[in-house]
Amino acid sequence: MDLSDYPLELPEGDRPMVRFMNVTKRYGTLTVLDRLDLDVAEGEMVTVIGPSGSGKTTVLRMLMTLETINGGVIYVDGKPLTHMEKGGKLVPANERYLRKARSSIGMCFQHFNLFPHMTALQNCMEGPVQVLGMSKSEARARSEELLEMVGMIDKKDQHPSRLSGGQQQRVAIARALAMRPKVMLFDEVTSALDPEVIGEVTNVIRQLVAEHNLTMLMVTHQMGFARDISDRICFFYQGKIEEEGPPEQLFETPQKERTQQFLSAVKDAG
Ligand SMILES: Nc1ncnc2c1ncn2[C@@H]1O[C@H](COP(=O)(O)OP(=O)(O)OP(=O)(O)O)[C@@H](O)[C@H]1O
């Protein structure tokens, strides 16, 4: 497909919050995403599972527009994310366009990446003030509300080094939400945590799913958690969706042999 074959905007009535359309990502000769089509509806929670190296994190990285894709187009809220319109057709987006587009995507990583010299509250206020141009008082009110929601308001004046991993991750979630993203991405947010604090982070995400109509895309190795909270599970294999479906269906009656093998391997391991 040529870039001129892709719509400048998705039509009314067929506008998922996220659409990967025929997306290919290569590193040298290695094809990591292979003509991927993936939709996430508004308010939907989709979890990507699959073997190591199957391209799960790459999906999130492409949505963060951290790197260019080699083929296809990603749309967010009906508008191209990776591309922009020029003279009536799509061209790869420039840095200015990407900077703006990125603010619609919130991301939480395995390593929380909080600013070490700032308190929890300052970490949350930074984006709204610096990127969105919000007044300090408005940013503070919004940040305090979110810190309250993740159970961290008591620690708002602490620096990250004084917080546990689970607490830092909760601040990182509040910080991402403070930007009012259209889509939230969670990449292995519990895998660097001690077992006893995993629950406090999964509970925050569970609460987000239950009470807020957020669109979320998550990568996790915690199958039980994925099964609990996802609307849909996508099983990735070699940069493609091998099988997808509601959690009960995918975990209980997987249709493809590769899905069955993967699920029995993780079951044996865990
Ligand atoms: N910057 C890069 N340069 C070269 N190869 C890369 C780069 N980033 C990722 N890859 C390769 O792309 C493939 C997919 O990586 P990705 O991180 O998306 O896998 P994953 O499914 O998330 O794996 P894991 O479960 O181990 O995190 C891997 O083979 C990886 O080595």
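Predicted model: local features only at pLDDT ≥ 70, side-chain atom pairs only at ≥ 80, totals over all residues.
1. The residues around the ligand are Y27, V32, G50, S52, G53, S54, G55, K56, T57 and T58. Sorted by class, the shell comprises seven polar residues, two nonpolar ones and one charged one.

2. Helix α1 also has a place against the sheet. Spanning residues 56–63, α1 lies across β3 (45–49), β8, β9, β10 (215–219) and β11 (232–237). Relative to β9, the helix runs at about 145 degrees.

3. Now to the sheet itself, which is open and has six strands, ordered β8-β9-β10-β3-β11-β12, with mixed pairing. Its edge strands are β8 (105–108) and β12 (240–245), each of which pairs on one side only. From one strand to the next, the twist averages 20 degrees.

4. Strand β8 runs parallel to β9 (residues 183–187), and four bridges join the two. Across this pairing, G106 stands opposite M184, while M107 has L185 as its bridge partner.

5. Which way do the residues of β8 point? I105 and M107 point one way from the strand, G106 and C108 point the other way, and all of them are buried. So for the edge strand β8, which pairs on one side only, you will find buried residues pointing both ways.

6. Turning to K136, you will find this residue in helix α4 (residues 136–149). Is K136 buried or exposed? K136 counts as exposed because it has 10 C-beta neighbours inside 10 Å, and the cut-off for exposed is 12 or fewer.

7. What does K136 touch, leaving aside residues up to four places away in sequence? The contacts are M125 and V129. For the M125 pair, the C-alpha atoms are 7.5 Å apart in space, and the two residues are eleven residues apart in sequence.

8. Lastly, a word on annotation. The UniProt record, an unreviewed entry, carries "domain: ABC transporter" over residues 18–263. In the model, this span is 37% helix and 28% strand, and its end C-alpha atoms lie 27 Å apart.

How values were computed
Residues numbered from 1 in each chain as written. Pairing = 2+ DSSP bridges. Axes fitted to C-alpha atoms, helices over the stretch in contact; angles between N-to-C directions. Contact = placed C-beta atoms within 7 Å. UniProt positions renumbered as here; feature names shortened; annotations may be inferred. Near = placed C-beta within 6 Å. Nonpolar A, V, L, I, M, F, W, Y, C, P; charged D, E, K, R; others polar. Buried ≥ 20, exposed ≤ 12 C-beta atoms within 10 Å, placed from the backbone.
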